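Please look over the structure shown here before reading on. The paragraphs that follow go through its pocket, its helices and its charged pairs.

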Amino acid sequence: MTKTQLGARVDQDVAELARKRAADLGLSVGDYLARLVQDDTSGLRARAVDAAARFLADHQAVFDEAEESERPARGVRAA
């Protein structure tokens with residue numbers, strides 16, 4: 001496949017995040033960005049976000065219960 005060079009200006013923080021994440025995945029920054037674009041345009045990212053939202057909605061009571069059990073009882077103060 002023939003590759004085309006693109007140019008983009010991003011904040012230094014965004015550039016550093018892209019470099020670090022690409023390195024974590026063992027990819028060049030170009031290949032990492034290509035993967036992001038492919039995931040986004042294929043709908044993969046949207047499906048993953050939707051699945052996570054459904055999971056949280058289906059199990060919210062479990063998370064609420066776990067969070068509540070970690071809170072100290074009202075009126076109880078640490079010494």
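What volume does the largest pocket have? The volume of the largest pocket is about 650 Å³. Rolling a probe the size of a water molecule over the atoms shows where empty space is left. Here a pocket is an open set of points on a 1 Å grid over the protein atoms alone, with protein on both sides within 12 Å along at least five of seven lines, whereas a cavity is a set of points where a 1.4 Å probe fits but cannot get out. Grid points are joined across faces, edges and corners, and the volume is the space filled by probe spheres set on the points.

The model is predicted: local features need pLDDT of at least 70, side-chain atom pairs count only at pLDDT 80 or more, and totals for chains, interfaces and linings use all residues. Residues are numbered from 1 along each chain as its sequence is written, and side-chain values use heavy atoms, with hydrogens and water left out. The predictor's confidence in each residue, pLDDT, runs from 0 to 100. Its mean over the protein is 89, and 91% of the residues reach 70 or more. Helices are DSSP runs (H or I, at least four residues), as are strands (E, at least two), numbered from the N terminus.

To return to the pocket, its lining consists of 20 residues, of which Leu6, Val29, Gly30, Leu33 and Ala34 lie nearest the centre; a lining residue has an atom within 4 Å of a point. Both α1 and α2 supply at least two residues of this lining, and α2 gives the most, with 7 residues. By class, the lining has 11 nonpolar, 6 polar and 3 charged residues. In this count Ala, Val, Leu, Ile, Met, Phe, Trp, Tyr, Cys and Pro are nonpolar, Asp, Glu, Lys and Arg are charged, and the others, Gly among them, are polar.

Helix α2 covers residues 29–42. The expected span of a helix is 1.5 Å times one less than its number of residues, so the 14 residues of α2 should span 20 Å, which agrees with the 20 Å between its end C-alpha atoms. After α2 comes glycine 43, whose phi is positive, near 90 degrees.

Side chains of opposite charge can pair when their charged atoms come close. The structure holds 2 salt bridges, each a side-chain nitrogen of Lys or Arg within 4 Å of a carboxyl oxygen of Asp or Glu. One joins lysine 3 to aspartate 31, with the closest N and O atoms 3.2 Å apart. This pair links distant parts of the chain, 28 residues apart: lysine 3 is in the segment before α1 and aspartate 31 in helix α2. Aspartate 31, at 34%, counts as partly exposed.

The other salt bridge is between glutamate 16 and arginine 19, at 3.5 Å from N to O. These two are 3 residues apart in helix α1, and so are separated by about one helical turn. Glutamate 16 is partly exposed at 32%, and arginine 19 is partly exposed at 42%.

Note on methods. Buried means under 20% relative accessible area, exposed over 50%, partly exposed in between (1.4 Å probe, protein chains only).
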